[in-house]
Amino acid sequence: MERWIGRLALVTGASSGIGAATAKALTKAGMITVGLVRRTERIYQLKQELPNDVANRLHAMQCDVTKEEDILFSFRQIEDRFGSPYVLINCAGFSRNAIRLLQPNNTQVLRDVIDTNLLGLALCSREAYLSMKKRSIDGHIVHINSIAGHKVPPFNTVNIYPASKYGVTALTETMRHEMRLDDSKVKVTSISPGLVRTEMTPEEALNCKLPMLEPEDIVEGIIFVLGTRPEVQVHEMIIKPLGEKC
């Protein structure tokens, strides 16, 4: 991680769960970290959990990743204040549990899932990559995917969530090919966790007391892929809790 010290990292969805744990870890590792969040007060709460000399490197930028105008404005503001990002971690995710795919009047929920998990991720990645390319930065983009992006879990209420994550799996490879054809040294990695104990954990999983990961387990994977040599790219990392059936 030494080569990232003093460099800029962006973390979407940094207000809770994996995103919050990631923002704290990258800041502790010496990066200047900006959390792109809807609720900026959550970032200020995170700062209280860090020593003052570390907390000074953690910043908040209000951004709803379902709105392109928010994304474009945020990236302009970030470039003006901090310069170009070297690392982007796409942690923002959405899943509305207890809403089935084949039930009436659920269109807005379906749109919210796709707009957050897939389109928002694509737009943030696009803007980060274009900024890196403009300044010849050999950066790294990491998508927090899901094992639901490789196999649909046997729950009754995950609605369009697996489809959005399958999309992230395909989008990661699409980006990799485009970057390769661009002769770019920017890396892209998909990290697919199993069940993680966050605000999005399905109630069915909690009720069944299934094996679960903690957000910090996923952060360890992020730190690992960021720490690989410039000549090494981890395409996909799957992290499961011991004993998971899926």
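M31 touches M1, W4, G6, R7, L8, A9, L26, R57 and V87, leaving out residues up to four places away in sequence; contact here means heavy atoms within 4.5 Å. This residue lies in the loop between α1 (17–28) and β2. Helices (H or I, at least four residues) and strands (E, at least two) are DSSP runs, numbered from the N terminus. With a relative accessibility of 0%, M31 counts as buried. The term buried stands for under 20% relative accessible area, exposed for over 50%, and partly exposed for what lies in between (1.4 Å probe, protein chains only). From M31 to T107, 76 residues apart along the chain, the separation of the C-alpha atoms is 40 Å.

The model is predicted: local features need pLDDT of at least 70, side-chain atom pairs count only at pLDDT 80 or more, and totals for chains, interfaces and linings use all residues. Residues are numbered from 1 along each chain as its sequence is written, and side-chain values use heavy atoms, with hydrogens and water left out.

**The protein as a whole**

The protein contains 8 helices and 7 strands. Its radius of gyration is 17 Å, close to the 18 Å that the globule rule gives for 246 residues, so the protein is as compact as a globular protein of that length. That radius is taken over C-alpha atoms, and the globule rule is 2.2 Å times the number of residues to the power 0.38. Along the principal axes, the C-alpha trace spans about 45 × 45 × 35 Å.

Of the 246 residues, 51% count as buried. Among contacts between residues at least 6 apart in sequence, 72% join residues at least 24 apart. The protein exposes about 12100 Å², of which carbon and sulfur atoms supply 51%; accessible areas come from the Shrake-Rupley method with a 1.4 Å probe, and for residues only the protein chains shown count as cover.

The protein has 30 positive and 28 negative charges, and their mean positions are 1 Å apart. Lys and Arg count as positive and Asp and Glu as negative, while His and the chain ends are not counted. Each charge is placed at NZ of Lys, CZ of Arg, CG of Asp or CD of Glu.

T33 belongs to strand β2 (residues 32–37). It is buried, with a relative accessible area of 0%. A polar atom of the T33 side chain lies 3.5 Å from the backbone oxygen of M31. Apart from neighbours within four places in sequence, T33 is in contact with A9, V11, A23, L26, T27, R57, L58 and H59.

**S84 and its polar partners**

S84 sits in the loop between α4 (68–82) and β4 (87–90), and is buried at a relative accessible area of 7%. Its side chain makes a polar contact of 2.7 Å with the side chain of S131. Not counting residues up to four places away in sequence, S84 touches L8, E79, S131, R135 and I137.

V196 is located in the loop between β6 (187–193) and α7. The residues that V196 touches, beyond those up to four places away in sequence, are I18, T201, L213, E214, P215 and I218. V196 and G167 are 29 residues apart in sequence and 20 Å apart in space, C-alpha to C-alpha.

M212 lies in the loop between α7 (203–208) and α8 (215–226). From M212 to T201, 11 residues away in sequence, the C-alpha to C-alpha distance is 9.5 Å.

**Two residues with positive phi**

S136 is not a glycine, yet its phi is positive, at about 55 degrees. The residue is in the loop between α5 (107–134) and β5 (140–144). D183, also a residue other than glycine, has a positive phi near 60 degrees, and its place is the loop between α6 (161–181) and β6.

| Residue | Relative accessible area | State |
|---|---|---|
| V196 | 9% | buried |
| M212 | 15% | buried |
| S136 | 65% | exposed |
| D183 | 61% | exposed |

Conventions. A polar contact is a pair of N or O atoms within 3.5 Å; within protein, one must be able to donate a hydrogen and the other to accept it, and residues adjacent in sequence count only if both atoms are side-chain atoms.
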